[in-house]
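Here is a short briefing to read alongside the sequence and the 3D view. Please keep both open as you go through the points.

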Amino acid sequence: MRPSRRQFVKWVSASGIALTMSRLAPAEDTTFAASQTLPGRNKWNPAAKGAGRVDGAAKVTGAKLYASDFRAADLPGWPAKTAHAILIRAPDATHVYTGLDIARLTGALQPSVVVTAADLVRAGARVPEFYTGDLFCPVGRTPIYLGQPVALLMFEEFDAYDAARLKIRDAGFVKFAEETGAVVLPDYGANRFTRVAGATP
């Protein structure tokens, strides 16, 4: 006896098997958001639905170190080549900063661009008031804190960047003059908070 379509559907459903037919999605490249960014809110664990990690393949093949480790070639409309930069920070906050010993970076190790505090002033770069003082320490001043940026070195080639990074690790690349002691800044709280009511403690 041949079952009817209704009976066939009942038998299949009762056995726990369900069949569906749908049109295949058109083949297309994965979008930037899907392939290069972390999942958004409520999708913190893509592996739970079998999606895997967005950075999985890139990390195991050595292409990237972090999920948000973007290259220019990853961004739509950006050039394929990526420049590399080293942020130089002050290793001393008690002496006057006098400049960099760029002469030790010779030949191919020369940076293509050196951005200093003077360049930021010329460009009109500004930062929120929260950042008290200069974003980069100007030549002739004492850094206002240990690790304050003094310059940004940019390189077109990774090999030059990597070799220069090793060259400037030792002391002496950031030059200093006379000792002034640490810069004393106004109290943070006194500048930003004013008592408007309540008893004085």
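This is a predicted model: local features need pLDDT of at least 70, side-chain atom pairs count only at pLDDT 80 or more; totals for chains, interfaces and linings use all residues.

Residues are numbered from 1 along each chain as its sequence is written, and side-chain values use heavy atoms, with hydrogens and water left out.

- Strand β2 spans residues 95–100; strands here are DSSP runs of E with at least two residues, helices are runs of H or I with at least four residues, and both are numbered from the N terminus.
- Of the 6 residues in β2, 5 are buried, where buried means under 20% relative accessible area, exposed means over 50%, and partly exposed lies in between (1.4 Å probe, protein chains only).
- β2 pairs with strand β5 (residues 174–179) in the antiparallel sense, over 4 bridges; pairing requires that DSSP finds at least two bridges between the strands.
- L100 has V174 of β5 as its bridge partner.

**Around H95**

- H95 sits in strand β2, and its side chain makes a polar contact of 3.1 Å with the side chain of D92.
- A polar contact of 3.0 Å links the side chains of H95 and T94.
- A polar contact is a pair of N or O atoms within 3.5 Å; within protein, one must be able to donate a hydrogen and the other to accept it, and residues adjacent in sequence count only if both atoms are side-chain atoms.
- Leaving aside neighbours within four places in sequence, the residues in contact with H95 include R141, F176 and E178, contact being heavy atoms within 4.5 Å.

**Salt bridges**

- The count comes to 5 salt bridges, each defined as a side-chain nitrogen of Lys or Arg within 4 Å of a carboxyl oxygen of Asp or Glu.
- R122 and D119 form a salt bridge at 2.3 Å, N to O; they are 3 residues apart in helix α4 (residues 117–123), so about one helical turn separates them.
- R122 is exposed at 63% relative accessible area, whereas D119 is partly exposed at 23%.
- R141 meets D134 in a salt bridge, with the closest N and O atoms 2.6 Å apart; R141 is partly exposed at 46%, and D134 is partly exposed at 33%.
- D101 and R104 form a salt bridge whose closest N and O atoms are 3.4 Å apart; D101 is partly exposed at 23%, and R104 is partly exposed at 21%.
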